[in-house]
Protein chains: 4
Amino acid sequence: MTMSLAACASDMPVINKAVIASEWTVAQWFNTERPLRLEDLRGKVVLLHAFQMLCPGCVSHAVPLAERVHRQFADLGVAVIGLHTVFEHHAAMGPVALEAFLHEYRITHPVGVDQPMADAPIPQSMQRYRLRGTPSLMLIDRAGCLRLDKFGRVDELELGMWLGRLLAEDPARSMSTGQGMARESDGCTAEACMPREGRG
Amino acid sequence: MTMSLAACASDMPVINKAVIASEWTVAQWFNTERPLRLEDLRGKVVLLHAFQMLCPGCVSHAVPLAERVHRQFADLGVAVIGLHTVFEHHAAMGPVALEAFLHEYRITHPVGVDQPMADAPIPQSMQRYRLRGTPSLMLIDRAGCLRLDKFGRVDELELGMWLGRLLAEDPARSMSTGQGMARESDGCTAEACMPREGRG
Amino acid sequence: MTMSLAACASDMPVINKAVIASEWTVAQWFNTERPLRLEDLRGKVVLLHAFQMLCPGCVSHAVPLAERVHRQFADLGVAVIGLHTVFEHHAAMGPVALEAFLHEYRITHPVGVDQPMADAPIPQSMQRYRLRGTPSLMLIDRAGCLRLDKFGRVDELELGMWLGRLLAEDPARSMSTGQGMARESDGCTAEACMPREGRG
Amino acid sequence: MTMSLAACASDMPVINKAVIASEWTVAQWFNTERPLRLEDLRGKVVLLHAFQMLCPGCVSHAVPLAERVHRQFADLGVAVIGLHTVFEHHAAMGPVALEAFLHEYRITHPVGVDQPMADAPIPQSMQRYRLRGTPSLMLIDRAGCLRLDKFGRVDELELGMWLGRLLAEDPARSMSTGQGMARESDGCTAEACMPREGRG
C-alpha cells in the first residue's frame with residue numbers, strides 16, 4: 001500500500017532523490033491564514049526548509065536564502081515553507097520566541113512549528129523526514145516527489161539551477177506520471193509517507 | 001534573409017529576449033585549442049559574458065561567477081565563453097596583459113579577444129551585440145536563441161534558475177522549432193547576425 | 001557630588017566623549033564566575049556593548065565583532081563586556097533563551113543581563129546610559145572615562161584604531177589625572193554615575 | 001655607519017620589528033605632484049604597501065584596505081603610500097597599465113613604481129625591503145622606524161589597532177630617541193638603508 005520508489009523515479013531527471021514526500025505535522029502556523037498541507041501544493045515546486053531560530057547557520061544563511069527564494073520566485077510557482085524543527089534548547093525556542101524572531105528578521109513566508117514529541121527531543125516531522133539536523137533543505141516537485149534533500153549550507157547557484165529545472169517540468173506530465181502514484185497512495189497514512197523508513 | 005524574431009520567440013518560455021544570437025568575431029583565443037563558433041555549440045546552453053580585465057565589477061563578481069558556472073555546470077551542458085570587449089584603456093588591456101590576468105585569476109574557461117575596430121574604440125562583437133558596457137551577460141539556448149541579456153551585476157539565485165530552465169528545454173524540440181531557423185539562416189552573414197539592429 | 005566633565009576631558013585625546021562612565025546594573029551574569037563591576041576594571045580599556053539576541057544587526061555584526069575583540073585583544077588589556085538590554089519581546093529573550101544563544105554562538109566573553117524595570121520596557125542600565133537602541137558600543141578608558149559611544153554598525157578599522165589609541169594611553173597618567181576623580185566619586189551613587197543626565 | 005637596531009628598538013612598544021626603514025627607489029609616481037621621500041614623512045605614521053595590479057589578493061583586499069586607511073585616517077596623521085613592485089608579467093604591468101588600473105579602481109593615495117632592475121625580475125625596493133611577495137604591508141612610525149612588516153592578508157581590526165598605537169606615540173619622544181639616529185644616518189646611502197641585510 002506504500003508508494004513504490006518507481007512512481008517518483010519514473011523518467012524525470014533526478015537530482016538526488018525520487019521518493020514521495022511525506023506530509024509534515026505542524027502544531028502552529030505563522031505567516032499563513034490557514035494550515036497548509038503539502039498535498040494542497042501539488043502543481044507547485046516546494047522548497048521546504050527545516051531550521052531552528054538559534055542555529056547560527058540557519059540565521060546567517062539558510063533562512064535569508066529561503067526568504068529570498070520566496071520573494072523572487074513565488075510568482076513563478078515556487079512555494080517556500082519553513083519548518084521550525086526544535087531538537088535542543090526547547091525552552092528557549094517556543095512559539096512566542098519564534099514569533100518574535102520572524103518579526104525581527106522580516107520573514108514573510110509561511111512557517112510551521114514542527115509537532116513536538118512527548119517523549120523525545122526530536123519533533124515529529126523531523127523524525128519522519130529523517131533529517132540529520134538544521135539547516136536542511138528539501139525540494140519537492142510539482143507531482144509531490146522529493147527530489148533533493150540537503151543538510152548544511154546550500155550553494156545559491158546550485159539551488160537556483162535545481163529550482164529552474166523543477167519549474168521547467170510539465171505539471172501535466174508529472175501528474176499523468178503521478179496517476180499510478182495517486183492510485184497506489186490510496187489510503188496513504190502518515191506512516192505510508194515514510195518511504196525512507198527502510199533505509200539504513 | 002535575416003532571421004525573424006518569430007523563430008526564436010516560438011512557444012518557449014522567454015526570459016527577456018527571443019532573437020537569434022549573432023556569432024562573435026574574435027581576434028585571438030585563450031583556454032581553447034581551436035577557435036570556437038557559437039554555431040558549433042548548438043545543443044548546449046551558452047553563457048556568454050563580456051568583460052574587461054580592468055573593470056572592477058568584472059573582476060570582483062562577473063568573471064568569478066562565470067568561472068564557477070563553468071566548473072559547476074559544464075558537465076550538465078553549459079558552455080561558458082568569455083569575450084574580452086576592450087572599449088577603453090586599449091594600451092593597458094592587450095592580449096599579453098589578458099593572458100597574465102587569466103593566469104593569475106585561474107580562469108579556465110575559453111576567452112576570446114573581441115576583434116578591435118580600426119576606427120572606433122568599441123570592438124566588433126560588442127557593437128554587434130549592442131552591449132551597454134561591461135560586465136554584460138547573455139544566455140543562449142540549445143537552439144541558438146538569445147534568451148537573456150543583462151548589463152551589470154547578476155543575482156546568483158536568478159542566474160542558476162535561468163540556467164536550470166534552459167537546461168531543461170528539450171534540445172530536440174528546440175531543434176525542430178529551429179528547422180526554419182536553420183533554413184532561414186543559410187548564408188547568414190555577420191550582418192544577418194544582428195537582428196537587434198531594428199531596435200530603437 | 002557628581003563628577004565634573006573636566007576630570008575626564010583633561011588633556012587626553014578625546015574620541016567623541018569624555019565623561020565618567022556609569023556602573024551597570026546587572027540581574028544575572030554569564031561567562032564569568034563572579035559579578036563584574038566597571039570600577040574593578042580600572043587600568044583596562046573596556047569595550048561595553050549593548051545587544052539583544054533577536055536584533056539582526058547585533059547577531060550578524062556587533063556580537064561577533066565584540067567576541068573577536070575579546071579573543072584578539074584580551075591579552076593586550078581590553079576587557080569586553082556584553083550587556084543584554086532587552087527592551088522589546090521580553091518573553092522571548094529571557095535568561096534561559098540568552099544562555100542558549102551564547103552557547104550556540106560560541107560567545108566566551110562575559111555577558112550581563114541588564115536589570116529589568118518593573119514599570120517600563122527599557123532596562124535600568126540602558127536608561128542610565130541613555131542608549132538609543134541596539135547594537136550600541138561604548139569604549140571606556142583605563143581611568144574609567146567614557147570616550148566613545150556609538151549606535152549601529154561599527155567600522156572595524158575605526159574600532160581597531162580607537163582601541164589602539166586607548167591602549168597606548170599611560171594608565172599611570174590617567175590615574176594621576178583620575179586622582180581627583182577617585183576622591184570626588186567617593187560615595188558615588190547610582191545617580192552620581194549618570195553624568196549625562198544633565199544633557200539635552 | 002649603518003643604523004643600529006638599538007636606536008629603533010629603544011623603549012617604544014614594538015609590534016614585530018624595530019629597524020630603520022629604508023628609503024624606496026621609485027621610477028615614476030602617480031597621485032602626487034612631486035616625488036615623495038620617506039624622510040619627508042617623519043612625524044607621520046606611514047603605511048607602505050607593496051602590490052601588483054594583477055595580484056588577486058592585492059586587488060580584492062590589500063589595495064582597497066590601503067585606500068580606506070588613506071580616506072579615513074589621513075587627517076589623523078597617517079600617510080599611505082603604494083609601491084607597485086612588479087616581479088612577474090612585466091609586460092602586462094607597465095606604467096600605462098598601472099595608470100589605467102588606478103583610474104578604474106578610484107585609487108587616490110600616492111603610488112610609486114618600484115624601480116625595475118636591468119638584470120633581475122625583482123625590482124629595487126622590493127629587494128631592499130626583502131619582501132616575500134605581494135601584498136605586503138609595512139608600518140613605519142613617526143620617527144622612521146619600521147615597526148611592522150606583514151605578507152598576505154591583514155586583519156582590519158588588527159591593522160586599526162596598530163595604527164592607533166603608532167598614532168598615539170609622541171613624535172617628540174620618538175624624535176629625541178631618534179637623535180642618534182639622525183646623526184648616524186648622515187650620508188645615509190641606499191645601502192645604509194638596509195639594516196635587515198644581516199638577517200638569515
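Buried area is the accessible area, taken with a 1.4 Å probe, that two parts lose on being put together, summed over both. In this predicted model, local features need pLDDT of at least 70 and side-chain atom pairs count only at pLDDT 80 or more, while totals for chains, interfaces and linings use all residues. Residues are numbered from 1 along each chain as its sequence is written, chains are lettered from A and ligands numbered from 1 in the order in which they are written, and side-chain values use heavy atoms, with hydrogens and water left out.

Between chain B and chain A the buried area is about 1,400 Å², and carbon and sulfur atoms give 70% of it. In chain B, the residues that lose the most area to chain A are Phe73(B), Leu157(B) and Met161(B), together 40% of what that side buries. With contact defined as heavy atoms within 4.5 Å, 17 residues of chain B touch 17 residues of chain A.

A salt bridge is a side-chain nitrogen of Lys or Arg within 4 Å of a carboxyl oxygen of Asp or Glu, and the rule finds two of them across the interface of chain B and chain A. The side chains of Asp155(B) and Arg68(A) meet in a salt bridge, at 2.7 Å from N to O. A polar contact is a pair of N or O atoms within 3.5 Å; within protein, one must be able to donate a hydrogen and the other to accept it, and residues adjacent in sequence count only if both atoms are side-chain atoms. Eight residue pairs, both members at pLDDT 80 or more, are in polar contact across the interface of chain B and chain A.

Which elements of chain B give two or more residues to the side that touches chain A? They are α2 (56-73) and α5 (156-168) of chain B, where helices (H or I, at least four residues) and strands (E, at least two) are DSSP runs numbered from the N terminus. The largest share, 10 residues, comes from α5(B). By class, the residues on this side of chain B are nine nonpolar, three polar and five charged; Ala, Val, Leu, Ile, Met, Phe, Trp, Tyr, Cys and Pro count as nonpolar, Asp, Glu, Lys and Arg as charged, and the others, Gly among them, as polar.

Both of these helices also lie across the sheet of chain B. That sheet is open and mixed, with seven strands in the order β1-β7-β6-β3-β4-β5-β2; two strands pair if DSSP finds at least two bridges between them. Its edge strands, β1 (19-20) and β2 (26-30) of chain B, each pair on one side only. Strands β4 (residues 78-84) and β5 (residues 111-114) of chain B are parallel and share three bridges, and His84(B) stands opposite Val113(B) in β5(B). Helix α2(B) lies across β3 (45-51) and β4 of chain B, at about 160° to β3(B). Helix α5(B) lies across β3, β4, β6 (136-140) and β7 (145-151) of chain B, at about 20° to β6(B). Axes are lines fitted to C-alpha atoms, for helices over the stretch in contact, and angles run from 0 to 180 degrees between N-to-C directions.

Chain B also meets chain D, in a contact that takes 16 residues from chain D and 16 residues from chain B. Here the buried area is about 1,300 Å², of which carbon and sulfur atoms give 71%. Leu54(D), Glu104(D) and Tyr105(D) supply 40% of the area that chain D buries against chain B, more than any other three residues. On the side of chain D, the elements that give two or more residues are α2 (56-73) and α3 (95-104) of chain D, with α3(D) giving the largest share, six residues. That side divides into 12 nonpolar, two polar and two charged residues.

Helix α3(D) lies across β2, β3, β4 and β5 (111-114) of chain D, running at about 30° to β2(D).

Some backbone features remain. Most residues other than glycine have a negative phi, and most peptide bonds are trans. A cis peptide bond joins Thr134(B) and Pro135(B), with omega about -5°, and Pro135(B) is found in the loop between α4 (124-128) and β6 of chain B. His89(B), not a glycine, has a positive phi of about 50°.
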